[in-house]
Amino acid sequence: MKNYMFVIFFMAITIAQAQEKTSKWTSGRPDGHAPISVMGDHTHSKGEWMFSYRYMYMDMEDLNRGSSDAQYSDALSQYMITPKSMPMNMHMLGVMYAPSNKLTLMAMINHTSQEMTLGNRMGGEFNTESSGFGDLKLSALYTFFNKNSQQLHAQVGISFPTGSIDETDVTPMSTPNETILPYPMQIGSGTYDANLGLTYLKQWEYLSFGSQIKGVFRFEENDNEYRLGNEYSINNWVAMPVNEWFSFSGRVKWAAIEKIDGTNPDLNPMMVVTADTANSGKTYAEAGIGFNLYAFKGSLKNLRFGFEAALPLYQNMNGIQLKNQETLTLGLQYSL
């Protein structure tokens, strides 16, 4: 909470001390949008639409206990089965529309596919898979002001439980029948969740800066008698336009995810690491570098392509969990 208050205070001081100018923050430059991994970072002018597609690949491999490396043998001394790796592919579709200069509406849906490799005490390995559309997210972005090459806007949204929390697969213990998969292999939250955020943007001639705080708040248990943990994050980025169509960016993020509350009665927490809610929740930091390409004229005007590669800087897990490795995000955005 102290970190959130510091960011808000920093935003207020920066705004108060800004020199008076007539220029506004604008999206009409390659760094006019945040790195492609950041959502809800910008707004639109009245009557403007934007359609977007993003692809994200995230790899999880090896184990942490707290902030230290853990061996598979450590996990297998307590559980019958341990995860070893879990690559995930996510396709995200989004649309934004601005009914006024102050208000931008946003909708997002994703399709996720993931595969987990697990090992048991006998040295055997097996895989489980899940895929499907995730939770539908609807948001409103409200611009408090846009002047002095700065903008401040808030995000208020709700996530609808359209993603499955009943994903199953066949395991060596359940053959030939399918069995419910543990929490990380489920697609949705199973609950209506509030999504809140605050974003500050600042542009100079050859540099831009953005800072965003966000939270996901879950208020009830789902039909399987558990609730995913609340999520909190602070994202900061800088970008440098090289010319009218190309910019580099660097980003640093800190985030915290609370433990899962409750338990799915169909899961045995003594069987596998990922079925024990004690092994959920974490704090972490990551850094990303990327670029944006922007068509500022011609038949492709207002088409953008973004790419970012991110790596973890710090991870502190509750219990034993898979470690995040690299995350790659790329996407297209088109405004009209």
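S149 sits in the loop between β6 (136-147) and β7 (150-160), where helices (H or I, at least four residues) and strands (E, at least two) are DSSP runs numbered from the N terminus. This is a predicted model, in which local features need pLDDT of at least 70 and side-chain atom pairs count only at pLDDT 80 or more, while totals for chains, interfaces and linings use all residues. Residues are numbered from 1 along each chain as its sequence is written, and side-chain values use heavy atoms, with hydrogens and water left out.

Most residues other than glycine have a negative phi, and most peptide bonds are trans. The phi of S149, however, is positive, near 60°, and S149 is buried, with a relative accessible area of 9% (buried means under 20% relative accessible area, exposed over 50% and partly exposed in between, with a 1.4 Å probe and protein chains only). E225, in the loop between β11 (208-218) and β12 (226-227), also has a positive phi, near 70°, but E225 is partly exposed, with a relative accessible area of 43%.

## A cis peptide bond

T175 and P176 are joined by a cis peptide bond, for which omega is about 5°. P176 belongs to the loop between β8 (168-170) and β9 (178-180).

## The chain as a whole

The chain contains two helices and 18 strands. Its radius of gyration, taken over C-alpha atoms, is 21 Å, close to the 20 Å that the globule rule gives for 336 residues, so the chain is as compact as a globular protein of that length; the rule is 2.2 Å times the number of residues to the power 0.38. Along the principal axes, the C-alpha atoms fill a box of roughly 70 × 35 × 35 Å.

Of the 336 residues, 50% are buried. Among contacts (heavy atoms within 4.5 Å) between residues at least 6 apart in sequence, 69% join residues at least 24 apart.

Five cavities of 30 Å³ or more are found in the whole structure, a cavity being a set of points on a 1 Å grid over the protein atoms alone where a 1.4 Å probe fits but cannot get out.

Key: On a 1 Å grid over the protein atoms alone, a cavity is a set of points where a 1.4 Å probe fits but cannot get out, and a pocket is an open set with protein on both sides within 12 Å along at least five of seven lines; lining residues have an atom within 4 Å of a point. Grid points are joined across faces, edges and corners, and a volume is the space filled by probe spheres set on the points.
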